Amino acid sequence: MSAPQLWISTTNQGKLNEFRNLIGGSVDIHSVGELANYYPPPENGQTFTDNARIKAKTLKALKPGAWVIADDSGLEVDGLGGLPGVHSARYAGPKASDGENVAKLLKMVQIRSAANRKAQFRCVLVAYDPAGVEHVVEGVVTGTIATSAKGKGGFGYDPVFIPEGKEQTFSELGIAVKNQISHRAKAIRQFMSLIEQST
Ligand code: IMP
């Protein structure tokens with residue numbers, strides 16, 4: 001039997017690498033980067049699930065009959081009332097770089113929540129199977145915000161997130177360790193068992 005085809009709604013290379021690593025070779029993976037007629041929809045939902053659903057539905061319209069999946073994810077800092085949350089990609093402004101977002105986060109935690117640095121990454125995946133049925137799965141990894149950026153690997157807030165039980169940031173720990181424990185890894189493992197059940 002041929003490998004099921006899966007279309008992923010992200011152009012974020014860091015996320016795509018993680019998807020490819022975590023899903024492996026049993027699935028024929030494609031991304032929206034290959035589609036000339038794909039235009040990213042506005043991510044104006046109130047929750048990760050809303051935004052993942054918006055992206056997954058846009059892709060489903062272009063690829064009916066295939067598995068499609070969209071990820072929406074972000075960092076929630078307890079002492080900042082859950083911010084940056086759904087605003088993680090644009091925390092320091094609409095076109096902010098990862099470095100600018102990290103700098104703003106460190107500053108806000110220092111001002112508002114220096115004594116309580118607890119945080120979690122959350123990842124929601126919304127998928128549609130070839131019959132058009134929706135599936136929603138979620139993964140969370142808890143940890144703390146470091147006092148400064150450390151390490152070179154990964155993307156986004158990886159240089160400032162220390163997962164619970166470890167002493168280094170996701171950037172320092174590297175992709176192999178991150179892929180065992182991350183929010184995205186947990187969500188993708190649940191998604192993979194859905195695909196396996198259906199094939
Ligand atoms: P999205 O593309 O709208 O889901 O934006 C997610 C944003 O959350 C990213 O741009 C990062 O800033 C942050 N983020 C999500 N997952 C991770 C991760 O695994 N590591 C670091 N930052 C992440």
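**Ligand contacts**

I started with the backbone: a polar backbone atom of S73 is 3.1 Å from an oxygen atom of the ligand. My cut-off for a polar contact is a pair of N or O atoms within 3.5 Å; within protein, one must be able to donate a hydrogen and the other to accept it, and residues adjacent in sequence count only if both atoms are side-chain atoms. Before going further, I note that this is a predicted model, where local features need pLDDT of at least 70 and side-chain atom pairs count only at pLDDT 80 or more, while totals for chains, interfaces and linings use all residues. Residues are numbered from 1 along each chain as its sequence is written, and side-chain values use heavy atoms, with hydrogens and water left out.

Next I looked up two side chains. K178 puts a polar side-chain atom 2.7 Å from an oxygen atom of the ligand. R184 has a polar side-chain atom 2.8 Å from a nitrogen atom of the ligand. I also checked cover: of the 490 Å² of accessible area that the ligand has on its own, the protein covers 93% (Shrake-Rupley method, 1.4 Å probe; for residues, only the protein chains shown count as cover).

**The shell**

How many residues surround the ligand? I get 17, and the closest are K15, D158, K178, H183 and R184 (near means a heavy atom within 4 Å). They divide into four nonpolar, five polar and eight charged. Helices (H or I, at least four residues) and strands (E, at least two) are DSSP runs, numbered from the N terminus.

**The pocket**

The ligand takes up the space of the largest pocket. I use a 1 Å grid over the protein atoms alone: a pocket is an open set of points where a 1.4 Å probe fits, with protein on both sides within 12 Å along at least five of seven lines, and lining residues have an atom within 4 Å of a point. A molecule sits in it if more than half of its atoms lie within 2 Å of its grid points.

The lining has 33 residues, with N12, K15, K55, S73 and A89 nearest the centre. β3 again supplies the largest share, five residues.

The L83 to P84 peptide bond is cis, with omega near 0°. P84 is in the loop between β3 and α3.

Methods: Nonpolar A, V, L, I, M, F, W, Y, C, P; charged D, E, K, R; others polar.
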